[in-house]
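My entries follow in the order in which I checked them.

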Amino acid sequence: MKPTPEDWTDQARAVLDVSAQNLDAATLSRLNRARQQALAAATPVRPVLRWTRRLAIATSLLLAVTIWWPDSGPAPTAPNGPPLSPEDAELLADGALEMTDDPEFYAWLDADADHNG
C-alpha cells in the first residue's frame, strides 16, 4: 500500500513533537524569540494606508463644507450704463445732487427717455 500525503504529515508531526519535547529551556527560549521576531516582521506596517485614510477624511470634510456653505448669491456687478464722467462722480461724492432723492425726478427722466426714443 502506498502512503498518502496525510500519513506522511502525521508521521512528520509525531517526529517533530518528540524532538521538541527533548529540547532544553535555552533552545526553546531562542526558538520562541525567533518566532516572535518573524511574526513581527511578517505583520506589515502601513503608514501609507494611515495617511490615505486621513486624506480621504479631510477631503470628505472639505467637500461637505463646500456643499453646505451658505451661498451669498452672485457677486455684485457694475451697472451696464455708460460710465460716469469725473465731474458727475465728484457731484455724487459731494452729495450735491439733491434731486437723486426725488422720485418725481426719476419719473420725469423715464418719461423723457420714452419721448426721445
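Patches here join residues with over 30% relative accessible area and no salt bridge, like charges within 9 Å and nonpolar side chains (Val, Leu, Ile, Met, Phe, Trp, Tyr) within 5 Å. A salt bridge would be a side-chain nitrogen of Lys or Arg within 4 Å of a carboxyl oxygen of Asp or Glu.

I noted that this is a predicted model, in which local features need pLDDT of at least 70 and side-chain atom pairs pLDDT 80 or more, while totals for chains, interfaces and linings use all residues. Residues are numbered from 1 along each chain as its sequence is written, and side-chain values use heavy atoms, without hydrogens and water.

I placed Asp94 in helix 4 (residues 86–94); helices are DSSP runs of H or I, at least four residues, and strands runs of E, at least two. Asp94 is exposed at a relative accessible area of 63%, where exposed means over 50%, buried under 20% and partly exposed in between, with a 1.4 Å probe and protein chains only.

I then found a nonpolar patch of about 250 Å² made by Leu23, Leu28 and Leu31. Leu28 sits in helix 2 (residues 25–42) and counts as partly exposed at 42% relative accessibility.

Turning to helix 3, I recorded that zero of its 22 residues are buried, so helix 3 lies largely in the open. For the whole protein I listed five helices and zero strands, with buried residues making up 0% of the 117 residues.

Key:
Accessible areas come from the Shrake-Rupley method with a 1.4 Å probe; for residues, only the protein chains shown count as cover.
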